[in-house]
Structures are given as structure tokens and as C-alpha cells.
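I set out to record the sheet, the helix contacts and a few single residues. The entries follow the order in which I looked them up.

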Amino acid sequence: MIKNELQECFQENISNIKNTFHHTSDLIVRKIKTGFKSSFEINIVYLDGIIDTDRIQEYVVKPLLEPFKTVKFNESLIDQVIERMIEATDVKTTNQYKDLIEAIVQGNTIILINGYRKGIIIPSANWKERSLEESLGERSPKGPVIGLTEQMKTNINLLRSTIKTPDFCVEAMEFGTISKTAVSILFIEGIVDKGILIEVRKRLKSLKIKYLLNSKVVEDVLEGKPRTIFNLARTSGRIDGVVSSLYEGKVAIIVDGFPNAIIAPTLFMDLLQAPDEYHIKMGRFSNRIIRMICFFLAVYLPGVYIAIANFHKEDLTNKISKALISKSELLPTFWEIALLLFIIRILLDASYRIPKSSVILLSLIGTIVIGETAVTAKLIHPLSLIIVGITTISSFLLANRGMLAAENTLRPLFLIIANFFGFNGLIIAATIQIIYMVSLKSLGVPYLSPLIPFRIQELKDTIYRGDLQTLINSKHTYTEDDD
């Protein structure tokens, strides 16, 4: 039975470590004998392939193989090794067996000395990572281009290079009982909303999982229950996007191994913003209004078209009615729209599943299926194709902000309601949707704030982008739930 604490006989400790790792072949145990007048047995333990062997060879193995430079020391042998021989910048000790195992898994090198019930932990991880690249998910025509990477330490380094203040705080946590994954809470002391920070800590501490393979688990626990189709916590892979959120008093969470930061709270108006708006003059008053209109088009446009075709043809002139709504097509208008939306959904999904070399072929086939051929064969009406095209393009405008889930869920619902109940059904359903959105809260902050509840002092960066100097010097506050 493996004990919680290390034993004086380091052979027993080595045996326990090997058993814990099931005698895996990449667990390396390097035996060393060192000393001047008397010889001491030392074992160096690490996992091959995840440590910097050159660093360990230069700053650990070589100093240990040299004889002691003096004969008498007042400190113990283990203190002599730490303070006089090992040349690493950060060295820790532990007498707990589980801490030793966890350190090895994290890419550290362990030193065990015979006769001592302590192990020395030397940071030596050398995880492979890609070079810094542009954030592909949130491209911008102007502004910083470097995005986050999969390594948490690299991401924190990038953020600290921008936020040069001692008030920038990092709180480290770990999750997983089988495999531990590091998670960091980032905030700026003195700027962060204390209530939000407390709620983030509370919700993260409630997370109990065996392993953490995707950051969506962390997003879900931050959003809370019940689940909703709207994003109450969004992700960003841009350095300037994360930094801007921290300066606004929000909290960012980075999960080791994922090239995105989770930002909370997330409000509906946040999803209308874009990084380049803060670097260019054009579109200060129009960009976000256009995006809001596109959200309405992506959700309501097919339903409005169906309502007109089914219930309000008589309200149109004969010329317009014949041009826009024809009876010569094989399928009814509702099924035309539904089928087109279904095919486009298939094409989008397939474009992510097939090799890149086949995307052009997929585009060609898609054009044949839902393009001119289908119209010429009288399968679908040309206007149906235009309606679905506008709907799809509009939905893409907010896709990288996390609105696809809401749009893809609401669109078919409103389509079905319009088919059976017309505009009366659409108005009632839209009212219910707004009431539902008003009831949502992100970490206690109303989702539609500052529109509902209305806060005029916070409108300077919502439906339009206010003066940059005013935005930088202003203090953001959040209306929180009273419960």
C-alpha cells in the first residue's frame, strides 16, 4: 500500500512512483552518486519527452556530479543541494507523495536523496506549442493581430505585456480528479466588479469533474442553470479583446490547452461589438445598428416571408404578388424555405468535416443543388433563394460572437409559428422572446443591460461607440440581481 508521505528509503519511493505510473517506458530514473568524502545516492525522476533535458543536464546533473566545494556545512544535505548546487531559479520541496506525482505529470523533474523524506521539485516542462499567430476566429482589418495560444503561461505573458500594472492579478486553480488541468482567473484589482469576482469564484469551485477536455464545461458552469440558447459567457482569442474586458471590470478565465479566454459577464450588447471599431473612425454610429438589424433578419426574415405568403397575399398588388409569390413551383413556400435552410446547414457542417482540398468541390455541388438549376427546374422560387441567402449571410455576421446557437434555434421556431399563425403569432412569439431575454442574467447582471433596465450613463459603448478618451477614463458599473 502506497503511503501519503515519502519514506526515508528512496528505493521504496522510486518503486511506488513506478507502480503509480504503471511502469510506463517514458518514466526515466537517473541514478547519481555525489559527494566529496562520503558518497550520497540521488535519483532524478522525470517523464521523457515533456521536459527540457538540456536545462536539467546543465543546471542539475552537472552541478550534482561535481564534488562539494567545501567540507563542512551547517545545513542538512538536502538544503546544501538546493542552496549550493542546483542552479534552477525556482525550487520547491515536498514530503507528500501525491504532490510529487502531480509535479512529474506537470513536466517537473524530481530529485530524491537516500535517507531523506523530502523530494525536490525543479520546474523543467517543455510543452510543445505553435508559434504566435493571428486570431483566425476574430480577424480584424486594423489593430493587434496576435492571438492567444494553447499554453496558459504564454497567454498570461501576452496579457501582461499589455497590462503593465501590479494590479493585474492571476488566481490559479486546478480541476479534474483523474487528470488535472490548470485554470486561471484574471482580473485587475481596483477595477474588477467585486460581486462578479466573488460569483465567478463560487461557481468555479462548484465544478466537480474527472477531467477537463474542453473549455465549454467552464463556460457552462459560469452561465449557471437553467441552460439557455443565449451566450451568458463568451470566448475571445484576441489579446486586445481580453484586455479591454478586464479594463471594463470583467473577469477572464483561461483554461490551459485552449487558445481562448472566457469573458464574464457577457451581455447582449457585447455581442454587437467588434475589435476594429476601436481602431477606426468609420462606423461609430452605424456598425452596431447594422449588426442588430442582421440579428433580426437572421431570426425573423424567413418567418416574415412565410407569413406574407400564407396570410397576406391579398394585401399585395397582383403584380407584386405574382412576382414574389408564385404557385408554379413544385414545393409550397414553407417547404422551400425549410429545405433550403436544411441544405445550407448540411453544407456548412460538411465544409468543416471534409479535407480542405475538397471544399471547392463541395461549393460547386452546393451551387448546383440550390442555385440556378433548382430555380430553372421550378423546384424553388428565386425569392426563396434570396431570402435564405440574406438570412445566412446575416447570421454569419455575429457567428464569431457566439450568436449562432440562438439564431439557429429561434429561426425554425418563428418559421413554424409564421406558417400556422401569421403575423399575430410572430408578434406574440417575439414578445415572449423579449420577456425571456429580460429574465436572463449573466453572473447576476441583466442580460439586456443597459437597455433593460435602462441606464443612460452606460449607453456610451452600446448601440454606438462613444468617444475613446471618454470610454477609457470612465468607470463601468453593472446592475446586479437583488436576489
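**Entry 1: the open sheet**

I began with the sheet: five strands form an open sheet in the order β1-β2-β4-β5-β3, with antiparallel pairing. I took two strands as paired if DSSP finds at least two bridges between them. Strands (E, at least two residues) and helices (H or I, at least four residues) are DSSP runs, numbered from the N terminus. The edge strands are β1 (27–34) and β3 (92–94), each of which pairs on one side only. From one strand to the next, the twist averages 25°.

I noted the basis of the values before going on. This is a predicted model, in which local features need pLDDT of at least 70 and side-chain atom pairs count only at pLDDT 80 or more, while totals for chains, interfaces and linings use all residues. Residues are numbered from 1 along each chain as its sequence is written, and side-chain values use heavy atoms, with hydrogens and water left out.

**Entry 2: strand β4 and its partners**

I then looked up the pairing of β4. Strand β4 (residues 108–113) is joined to strand β5 (residues 119–123) by five bridges, and the two run antiparallel. In this pair, Ile-110 stands opposite Ile-121 in β5. β4 and β5 form a hairpin with five residues between them, and Gly-115 in the turn has a positive phi of about 95°. Four bridges join β2 to β4, again antiparallel; here Ile-42 stands opposite Ile-113 in β4.

Is β4 buried or exposed? I found it mostly covered, with six of its six residues buried. Buried means under 20% relative accessible area, exposed over 50%, and partly exposed in between (1.4 Å probe, protein chains only). Asn-108, Ile-110 and Leu-112 point one way from β4, and Thr-109, Ile-111 and Ile-113 point the other way.

**Entry 3: helix α2 and Thr-53**

I looked up Thr-53, which is found in helix α2. Thr-53 counts as partly exposed because its relative accessibility is 39%. Thr-53 and Ser-124 are 71 residues apart in sequence, yet their C-alpha atoms are 8.0 Å apart in space.

**Entry 4: helix α8**

I turned to helix α8 (residues 239–247), which is mostly covered: seven of its nine residues are buried. These are Ile-239, Asp-240, Gly-241, Val-242, Val-243, Ser-245 and Leu-246. What do the buried residues of α8 pack against? I recorded contacts (heavy atoms within 4.5 Å) with α5 (152–162), β6 (168–175), β7 (181–188), β8 (234–236), β9 (251–255) and β10 (261–264). Gly-249 follows α8 and has a positive phi, near 90°.

Ser-245 counts as buried because its relative accessibility is 4%. Leaving aside residues up to four places away in sequence, Ser-245 touches Arg-234, Lys-250 and Ile-263.

I looked up two helix pairs that share α9. Axes here are lines fitted to C-alpha atoms, for helices over the stretch in contact, and angles run from 0 to 180 degrees between N-to-C directions. The axes of helix α9 (residues 287–311) and helix α11 (residues 333–353) come within 9 Å and cross at roughly 165°. α9 and α11 are therefore roughly antiparallel to each other. Angles under 35 degrees count as roughly parallel, over 145 as roughly antiparallel, 65 to 115 as roughly perpendicular and the rest as oblique. The contact is made by Pro-302, Tyr-305, Ile-306 and Ala-309 of α9 and by Thr-333, Phe-334 and Ile-337 of α11. By class, the contact of α9 with α11 has six nonpolar, one polar and no charged residues. Ala, Val, Leu, Ile, Met, Phe, Trp, Tyr, Cys and Pro count as nonpolar, Asp, Glu, Lys and Arg as charged, and the others, Gly among them, as polar.

For the second pair, the axes of α9 and helix α15 (residues 404–439) come within 8 Å and cross at roughly 45°. α9 and α15 are therefore oblique to each other. I recorded 19 nonpolar, five polar and two charged residues in the contact of α9 with α15.
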